[in-house]
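Reader: I am new to this structure. Please take me through a single part of it, step by step.

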Amino acid sequence: MEADAIDRHAESRCTRRVERAHSGFVDPVTGRNRVAWEAASRKHVREYGELLEQARNGSALLASELDLLRPVLGTAPDVVHLQSGHGLDDIALVAAGARTVLGVDFSEVAATAAQRRADELGVACRYVVAALPGAPLRDGCADLVYTGKGALIWLPDLRAWAEDVARLLRPEGYLFVHEAHPAVPLWTWDEDEPRIRPDRGYFARSHVNDTFPGGGAVEWQASLGEVITAVISAGLRVQHVAEYAEPFWRPDDVAAAAWRGQLPNSYSLLAQRL
Ligand SMILES: C[S@@+](CC[C@H](N)C(=O)[O-])C[C@H]1O[C@@H](n2cnc3c(N)ncnc32)[C@H](O)[C@@H]1O
């Protein structure tokens, strides 16, 4: 990645191999979600060896992602992965052509495990610990901003997120999102037939997560229209939106009828900075 991608002011506060750039104030809900994610991310540490083997042997990127990203990855882009989590996608992005990946996540546990895995595999990934939006990275440091797979639901202000993305992108750089469909909070996990949860609404602002990572973490909701409009309002041109029946993640031992093909469970979006 560009040597100067990390903002110098933030870098001066870095104290470890994984750069820490805590941005000071986070709102109370984000603060509680961060605590929940630090606890949930310990799974990445417990399953370190298993995830290392997955990273070494397989591609975490879906076939549909690779299809859409192939032209961009063919240009050896510098990638910024917002909410990078366990970082398996980052190793796959480098394997598919990215020159570098810089991951940003507010979980120090997740970022440290991701850095250790990338270092062990000798892959060009670096991690910064910071709350988003407001990535402590330089303007125009990315050819591609990659995010999703359970990321946007943690952000209450998608307009601020989209503006941060636009700031990070070089002119003509791309944003790629592969994310849970905004309708997903409505589906029950009943196995006999798909049902809508009576306690949820597509147009609700938020709900409390009662599955993973648990602990009462608040998930924010935005309709597909709101996501797309946030991206357009930040000055990006939307090139592609697709909805899929397949969820990006299936918890072990659950075979919900809502995942059998009748309902939307994920979407992807590709946009370019003008
Ligand atoms: C479901 S994970 C998805 C991460 C990644 N796409 C993956 O597949 O591993 C969501 C990630 O978002 C991070 N996160 C949630 N809210 C955040 C925020 N406001 N700022 C930075 N990271 C955040 C969590 O720590 C977690 O690692």
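Which strand do seven bridges join to strand 10, and do the two run parallel or antiparallel?

Author: Strand 6 (residues 169-180) is joined to strand 10 by seven bridges, and the two run antiparallel. Keep in mind that this is a predicted model. Its mean pLDDT is 91, and 90% of the residues reach 70 or more. Residues 10-16 have a pLDDT below 50. That stretch still has 10 contacts in the model beyond near neighbours in sequence.

Now to strand 10 itself. It covers residues 266-273. Seven of its eight residues are buried, so the rest of the structure largely encloses this strand.

Strand 9 spans residues 236-244 and includes Val238. What about burial there? Val238 has 15 C-beta neighbours inside 10 Å, so it counts as partly exposed. Buried would take 20 or more. Beyond its neighbours within four places in sequence, Val238 is in contact with Ile228, Val231, Ile232, Leu269 and Ala271. Val238 also lies 9.1 Å from Leu175, C-alpha to C-alpha, though 63 residues separate them in sequence.

Key
Residues are numbered from 1 along each chain as its sequence is written. This is a predicted model: local features need pLDDT of at least 70, side-chain atom pairs count only at pLDDT 80 or more; totals for chains, interfaces and linings use all residues. Helices (H or I, at least four residues) and strands (E, at least two) are DSSP runs, numbered from the N terminus. A residue is buried if 20 or more other C-beta atoms lie within 10 Å of its own, exposed if 12 or fewer, and partly exposed in between; C-beta atoms are placed from the backbone. Two residues are in contact if their C-beta atoms, placed from the backbone, lie within 7 Å. pLDDT is the predictor's confidence in each residue, from 0 to 100. Two strands pair if DSSP finds at least two bridges between them.
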